[in-house]
Amino acid sequence: MSQMRLNPLNGRWVTIVPDRAERPSDFAKRDRSNELEVDRPCPFCPGNEEETPPALETRGTDGAWSMRVIPNRYPAFDGDEAFAVHNLGPVHVKADASGIHEVFVYSPEHSDGLHDLDDEHAAEFMMVLKRRLLEHAALPFVRYTQVIVNHGREAGASVAHPHGQILGLPFVPGEVLDEERAFARFAGGSLLETTIEAELAADQRIVIANDDVVVMCPFASGVPYEMLILPREQHGHLQDASDESLAAVGVAIRDAIGHLQATLGDVAYNLGIHTAPHQHTGDYHWHVHIWPQVTTQAGFERGTGVMINIVAPEVAAATLRSASANV
């Protein structure tokens with residue numbers, strides 16, 4: 001079983017998953033001409049459904065699926081045990097990594113990505129996530145659900161076929177707790193609503209803006225071309241958002257990735273959705289992060305936690321906007 005261990009220096013959990021070292025990988029470099037050919041079929045392509053566990057959810061018409069959610073064959077979190085901490089001595093603390101680990105295959109096309117979704121498909125992408133989060137929220141052993149998309153080997157993808165991951169965790173990650181504290185500290189009203197108003201007024205870091213969603217390069221971007229996607233209809237939990245708002249965010253994700261690829265080519269990136277922990281209330285508002293993998297964290301960044309960004313967000317936003325005609 002996977003195991004969580006507490007880092008006593010920063011109070012954050014680390015998950016030890018030795019079984020994942022046995023995962024097969026069919027992903028080579030993002031340069032398609034150098035992509036490795038392997039004998040085994042892609043487990044996520046249509047016709048190879050027997051290569052995966054039975055689907056938890058399938059979307060599609062006329063007998064053809066457009067999206068599937070399946071259990072991860074190599075889960076980082078698994079089991080329905082209640083969260084229990086075990087002290088092994090004065091500094092060693094561990095807990096079983098119970099929870100849920102799902103794979104979200106959001107396209108049947110092996111070479112497509114988020115930027116290839118049409119409006120209907122982009123909206124359905126978000127509706128599937130809403131249903132999964134509602135199911136996770138009803139489980140007593142899941143305290144937080146993290147949705148991620150890793151695109152490209154450099155971003156951590158181990159399978160070339162486009163997919164995301166939905167992880168139901170038995171604890172609330174430190175990054176989300178830090179964001180919750182930031183919302184609670186903000187005395188000027190809603191932190192993200194105020195951010196939207198300030199960024200629209202400055203008009204320097206906006207990539208996309210409409211009545212439903214704003215996409216910007218954050219003022220304190222940690223990596224080049226980082227983007228933050230903020231729904232104008234604000235809720236703590238993604239699953240509480242209206243279908244119309246979710247559809248708009250899905251299209252904004254599609255377009256933001258399209259701008260990124262039109263600017264930098266088929267660059268690797270990580271996408272993460274931050275939503276409030278399932279049992280938490282307060283001023284938190286759910287949102288989406290996009291972190292392109294165009295630079296490498298070196299010793300300074302890892303040693304201090306201070307990121308060095310070599311592209312000013314104002315320049316990044318202007319460049320991304322200029323590429324919009326190519327999306």
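Threonine 52 is found in the loop between β2 (12–16) and β3 (57–61), where strands are DSSP runs of E with at least two residues and helices are runs of H or I with at least four, numbered from the N terminus. This is a predicted model, in which local features need pLDDT of at least 70 and side-chain atom pairs count only at pLDDT 80 or more, while totals for chains, interfaces and linings use all residues. Residues are numbered from 1 along each chain as its sequence is written, and side-chain values use heavy atoms, with hydrogens and water left out.

Threonine 52 counts as buried because its relative accessibility is 9%; buried means under 20% relative accessible area, exposed over 50%, and partly exposed in between (1.4 Å probe, protein chains only). Its side chain reaches the backbone oxygen of glutamate 49 at 3.1 Å and makes a polar contact with the side chain of arginine 68 at 3.5 Å. A polar contact is a pair of N or O atoms within 3.5 Å; within protein, one must be able to donate a hydrogen and the other to accept it, and residues adjacent in sequence count only if both atoms are side-chain atoms. Leaving aside residues up to four places away in sequence, threonine 52 touches Pro43, Phe44, Arg68, Ile70 and Arg73, contact being heavy atoms within 4.5 Å.

Two further loop residues have positive phi values. Aspartate 62, in the loop between β3 and β4 (64–71), has a phi of about 55 degrees although it is not a glycine, and counts as exposed because its relative accessibility is 83%. Tyrosine 225, in the loop between β11 (213–216) and β12 (227–231), has a phi near 65 degrees; tyrosine 225 is buried, with a relative accessible area of 13%.
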